[in-house]
Amino acid sequence: MGDLERELRDLSAWLETPEPPDVRAQVRGRLHRPVRRWRPLAAAALVALLVAVLPPTRAAVADAVTGLLRFAGVSIAVSPAPTVPSGVASPLPAQRAAGLEEAQRAVRFPIRLPAKLGPPERVLVADPDPTGIYRVATLLYDGGALRVDAFDGRLNLSFHKEVTPPGVDWVQVNGDFAVWVDRPHVLSYVDRSGEVHKESARLAASTLIWQDADVSYRLEGAVTRAEAIEIARSLQ
């Protein structure tokens, strides 16, 4: 049983559920009416249910119509057959290497290092605005096979994922909710205007997504869920 399911079960013990009203007569009357509007109503009800169940943190939003989950600046679409990119993915817009101190001056948020991993082998910054302030900072380890992307969580979407069912698991990092994707999946970059950069699409490894003090993080690599959470907890 996952943490979210366990918390929901615990919560149910505190809820007082009144006896349901007798609505049989109303239901019989509605059975004779046109039912063409059931899909929009059902979708709206499902959205309301998903939003109610999702963690009450920094606006995790589910859209039942488009099949998207939006969390910490990342959108996630569950698809039984996502389109796997062919060829080599292009880098993020205006991506370049930078020293750690230079990268810190180039972004508006603090770049925190995971103590479990130590100093990064390389640092990248990407997608500057007209003033030269970059949107994404990336820490690379293990020859680039392990990476931590950091970006301002107050901005619009920065990454889009396409995952196969069952999709994602809710986990916790430092007592707050996070998302764990435990399998390879398609990852694309979303620019400041909301456009998905298809040319940036690549097959990403297992990923942990979380947010801390308005900064969003992606930890991607060949790590287990427990290892990813420990690395995330070690940010300093």
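Phe151, Phe159 and Tyr189 form one aromatic cluster. The model is predicted. Start at this cluster, and look at the ring of Phe159. The charged end of Arg218 sits over that ring, 5.2 Å from the ring's centre.

Now follow Arg218. This residue belongs to strand β14, which covers residues 215-220. Is Arg218 buried or exposed? Its relative accessible area is 0%. Buried means under 20%, so Arg218 counts as buried.

Which side chains does Arg218 touch through polar contacts? One is Asp149: a polar contact of 2.5 Å joins the two side chains. Another is Glu220, where the polar contact with the side chain of Arg218 is 2.8 Å.

Next, turn to the aromatic pairs. A pair of aromatic rings is described by two things: the distance of the centres and the angle of the planes. The structure holds 4 such pairs. Trp170 and Phe177 make one of them.

Trp210 has a relative accessible area of 4%, so it is buried, because the cut-off is under 20%. Tyr217 has a relative accessible area of 1%, so Tyr217 is buried by that cut-off too.

Key:
Residues numbered from 1 in each chain as written. Predicted model: local features only at pLDDT ≥ 70, side-chain atom pairs only at ≥ 80, totals over all residues. Heavy atoms only, no water. Phe/Tyr/Trp six-rings, centres within 6.5 Å; stacked < 30°, edge-to-face > 60°. Buried < 20%, exposed > 50% of the residue type's maximum accessible area, 1.4 Å probe, protein only. Lys NZ or Arg CZ within 6 Å of the ring centre and 35° of its normal. Helix = DSSP H or I, 4+ residues; strand = E, 2+ residues; numbered from the N terminus. Polar contact = N/O pair within 3.5 Å; in protein donor to acceptor, adjacent residues only side chain to side chain.
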